[in-house]
Amino acid sequence: MAKRRGEVRSDRAQQAAARASRVEKSGSFAESYLSYLLARASHTVASGFHARLKTWQLTVPEYRVLFCLAGADGLGVSDLAAMAIMAQPRMTKVLDRMERQGLVGRHSDDGDRRRVLIHLTAAGRKRAAPVLRAARAHQAHLLAPFTAEERAVIKRALDLLINGRA
């Protein structure tokens, strides 16, 4: 009997985890190199959730725009691109597509008419709501094994790495 897509993905994830655990025990530089550890952590945290985005017919870049704008509506394109970890030309293409879908709108900044601010539309907020609920649940599941203090330490350490000590 043929395996379902989800089972195949699960098998691949288990195989990748087994390969990664061999790397951890290899004595290689990778097992203590911060950049590598952060990349592995990012992959571990995001990959399972990113696979679920198809459920909502969203790409990873579209998801990033939705979650960045949720609660921070009215960001400039450059700020949004930086927050969503995207180059500005790619961000513009993603925003064009999302605007055609009715998920975002562009408006001039009252303080600087040359600057364009990006807003979620009502349709964008409606589309984002279940995805954000699922993202929060995914995060809660990932952090469940840790104490409240350990969760705070993890987030604080990442914030320090991203934003520095200032």
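Which residues of the largest nonpolar core touch the most other members? In this predicted model, they are Phe49, Val65, Leu69, Leu80, Met91, Leu95 and Val104, out of 28 residues in that core. Helices H3, H4 (77-83), H5 and H6 and strand S3 each supply at least two residues of the core. In soluble globular proteins, nonpolar side chains tend to be buried together.

Leaving aside its neighbours within four places in sequence, Met91 is in contact with Val65, Val77, Leu80, Ala81, Ala84 and Met86. Val65 and Leu80 are, like Met91, among the core residues that touch the most other members.

The sheet comes next. Three strands form an open sheet in the order S1-S3-S2, with antiparallel pairing. Strand S1 (75-76) and strand S2 (104-109) stand at the edges, and each has a single partner strand, so one side of each is left without a neighbour in the sheet. Strands of a sheet pair through backbone hydrogen bonds, either parallel or antiparallel.

The two pairings can be followed in turn. S1 pairs with S3 (residues 112-120) in the antiparallel sense over 2 bridges, and Gly76 has Leu117 in S3 as its bridge partner. S2 and S3 also run antiparallel, joined by 6 bridges. Here Val104 is partnered by Leu120 in S3; Val104 is also one of the core residues that touch the most other members. S2 and S3 form a hairpin, with 2 residues between them.

H3 (residues 60-69) lies across S1, S2 and S3, and runs at about 100° to S3. H5 (residues 88-100) lies across S2 and S3, running at about 115° to S2.

H3 also packs against another helix. How far apart are the axes of H3 and H6 (residues 122-143), and at what angle do the two helices pack? The axes are 10 Å apart and the angle is about 95°. Angles of 65 to 115 degrees count as roughly perpendicular, and H3 and H6 are therefore roughly perpendicular to each other.

On the H3 side of this contact are Tyr63, Leu66 and Phe67, which meet Gly124, Arg127, Ala128, Val131, Leu132 and Ala135 in H6. The residues of the contact divide into 7 nonpolar, 1 polar and 1 charged.

How values were computed. Residues are numbered from 1 along each chain as its sequence is written. This is a predicted model: local features need pLDDT of at least 70, side-chain atom pairs count only at pLDDT 80 or more; totals for chains, interfaces and linings use all residues. Side-chain values use heavy atoms; hydrogens and water are left out. Axes are lines fitted to C-alpha atoms, for helices over the stretch in contact, and angles run from 0 to 180 degrees between N-to-C directions. Helices (H or I, at least four residues) and strands (E, at least two) are DSSP runs, numbered from the N terminus. Angles under 35 degrees count as roughly parallel, over 145 as roughly antiparallel, 65 to 115 as roughly perpendicular and the rest as oblique. Contact means heavy atoms within 4.5 Å. Ala, Val, Leu, Ile, Met, Phe, Trp, Tyr, Cys and Pro count as nonpolar, Asp, Glu, Lys and Arg as charged, and the others, Gly among them, as polar. Two strands pair if DSSP finds at least two bridges between them. A nonpolar core is a set of buried Ala, Val, Leu, Ile, Met, Phe, Trp, Tyr and Cys residues joined through side-chain atoms within 4.5 Å. Buried means under 20% relative accessible area, exposed over 50%, partly exposed in between (1.4 Å probe, protein chains only).
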